[in-house]
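Here is a short briefing on one protein model. Look over the sequence and the structure first, then read the points below.

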Amino acid sequence: MDAVDAVFCPSRSGAVSNPLLDQLPSYQSLLYRRKSSGSNSNKRRSISRGRYGSSSSRSGSVSGRWASLRTEERPLPARSVPDHRPAREVPLNMEEKRRYKEQRLQQHGELSGWAQWRLSSRHYLKRLKEESMEVLSALQLWRADIHLIEGMFGTGILSYFSFLRFLVLLNFVMFLLMFSFVMLPIITATHTTSVNSTFASGGGGECSVYPPRDRQGLVNFHQHIIDLLSGTGFLEQTYLFYGYYKVENIHFLSFSYNLPLAYLLCTITYLLLSLLWIVKRSATGFKRKLVQDEERFQSFCNKVFAGWDFCITNENAARLKHSSLLYELKTDLEEERIRQKMAERSRKEKCRIYSLRIALNLFVIAVLVCCFYCIYSATIFSQQKQAQCQKCYFIVELIIEYLPSIVITLANFITPIIFSIIISFEDYSPAFEIRFTLMRCVFMRLASIGVLLFSLWSQITSCGEMCPCGYNHIVYPCWETHVGQEMYKLMMFDLLIIASVTVFVEFPRRILVTHCDCGLVKWWGQQEFAIPQNVLEIVYGQTICWIGTFYCPLMPAINTIKYFLVFYIKKVTLVNNCRPASRPFRASSSTFFFLAVLLIGLALAAVPVVVSVAQIHSSRACGPFVNFTTSWEVVPRAVSQLPPGLMAFLYALSSEAFAVSFFVITCLAMFYVIALAGAHKRVINQLREQLVMEGRDKRFLIQKLCQAQADLSAHSSRSRSGLGYRGNQKSSTSGVYVVRPVVQYETQA
């Protein structure tokens, strides 16, 4: 019997209870829980005794907890299920990996020819997949630039640029979709003699009149600039806008291409594709966020033991990371203090705080209403001035064209400042202050686009008592193109603002901070690279793109170029002008937050597109839907031309019986997933409790070992008269059994 086993198991024979293991906190907690629940089953008691060292079977053999320490010396067990993983992926040491590889080679030699071919094919395909993934990662967009940013500023800021790269790829896929199924057939029909097209007529009458808006005669240079920035003039009758696609069918040699149906299906497809892609990417970040936000103690451990970013190679970035970790710890401690303070509040203090929050939220609502009213008034004023067609100066005309965009930008600049001042009086925790302020800013940015569209549609649908076309065809003969021009102006103005702020604000500020010794300038400091605000900018632009693609099919291509430029603008300003924010975001929580805001933008973008497709009358003078009352009518007409069997199947899918059955099955699946998630959560809680108990057991055992060592040293000090001694087992009051080994003090000296 070795010394370790003798401490925890004094005798190998007999079912003697071990007092030390019975004193473990985990065992005592188990006994208390069973006593409180009234469960005194002998079977479960014997199981628990066997687990914690009181059964005779465990005493009769080597202690199971300590015998596992010597399992490394045993040969590898035979595997009942064949493991086809390579040796480098098996969690074993090098010697065992060599033995594992030899066993695998022996097993392969015993296989038949067909089994060997299958195994070698599987290995070859796996190696081919790994090599292709390496090639794709090497061809990844901005790979070197993103690694440079990661090394200088860490993974928090890296998440912003990775998110920007994801949006570039998403917009490029949207452009390929619209180009392949909408633009390419028209280009092919235009430049190929064997392919002809059937143009939509619109039924004639005054609703079909669409006067060209190209500037005639001698045109000043600044007029071309206005046309380029606003999408009017020579750009209006191009592939850029909805009104150019006035084609009903394209007749190829063997089939007829229904362009209106393709246009509508492409719109639905890019919205669904964006939804699935965002949900897929957000799943990983959501899991990490749940793990991080589950327990405060775990958050402290992660910050202390795993909070450092080893990708950082820059000294300043390392110093900033150190200060950010310190800030996070202070923030967590402050949240604990505020949580304790909230628990100790009296009823009078709660009434005062809740009254103050209600008053401040009413003020926030008033600010939002004021901003929305300004956007509505600016849009109405701009539309009226454009309808009058008055000749003005170049600057005045440009301001009138961009007046809604200017008001929206000013509102998006002023409201975050007001929100950050208000939130300081609401007595929230620091983390909740950041999230709540950001959600207010998100609502402001995205709702401003909705107010703009509402203002436009109020002008488009207001045609007085006489409304033969269903919309104001006199002022807006092609209202879809006009909405597309407004979205185009919003996107162009957003790009101009980003570039102008970088050139005229951030660069001069960096020069002043670097070369000016004024105290006010030093207090102002260097520009911070605020990740949430920058993310809101690109989410705002992406929401505009989702809305505008139906009215401006080339907008995904424009947005791809815009985000490509924004990447390099933000990279230059980050490296040269900015420093990381003092309130950092983790990469995992940042990714989930970015995608959650993007998902909100997609939901808000889908609403105006669905309303315009299903409710508002299509223009009779332009576009592919001139022969339809609404854009959605192309779907029932296309279904009615299908074979009877397929048509009956589609009608069955759209019936109420199928909808009710699908709803019931979805509810059952949802209940199953909820129950499964609840079971998993209970298991996770039990595992966490077990980890806590394991820690308490270790601390208890260490204390007992230290006590035994102290008793041994005290006894040895009293027995130094002899040259050697053989001690008998001595029982302490704590129930620890100690074996004093035979030693020679001359050798220990």
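Helix H21 covers residues 531-548, and its 18 residues should span 26 Å at 1.5 Å a residue; the expected span is 1.5 Å times one less than the number of residues. The end C-alpha atoms of H21 are 26 Å apart, which agrees. This is a predicted model: local features need pLDDT of at least 70, side-chain atom pairs count only at pLDDT 80 or more, and totals for chains, interfaces and linings use all residues. Residues are numbered from 1 along each chain as its sequence is written, and side-chain values use heavy atoms, with hydrogens and water left out.

**Burial**
- In H21, 16 of the 18 residues are buried, so the helix is largely enclosed by the rest of the structure.
- Buried means under 20% relative accessible area (1.4 Å probe, protein chains only).
- Across the protein chain, buried residues make up 39% of the 749 residues.

**Whole chain**
- The protein chain has 27 helices and seven strands; these are DSSP runs, with helices (H or I) of at least four residues and strands (E) of at least two, numbered from the N terminus.
- Among contacts with a separation of 6 or more, 74% join residues 24 or more positions apart; contact means heavy atoms within 4.5 Å.

**Ala262**
- Ala262 lies in helix H12, residues 259-293.
- Ala262 is buried, at a relative accessible area of 10%.
- Leaving out residues up to four places away in sequence, Ala262 touches Phe181, Val182 and Tyr257.
- Ala262 and Phe181 are 81 residues apart in sequence, yet 6.4 Å apart in space, C-alpha to C-alpha.

Conventions. Buried < 20%, exposed > 50% of the residue type's maximum accessible area, 1.4 Å probe, protein only.
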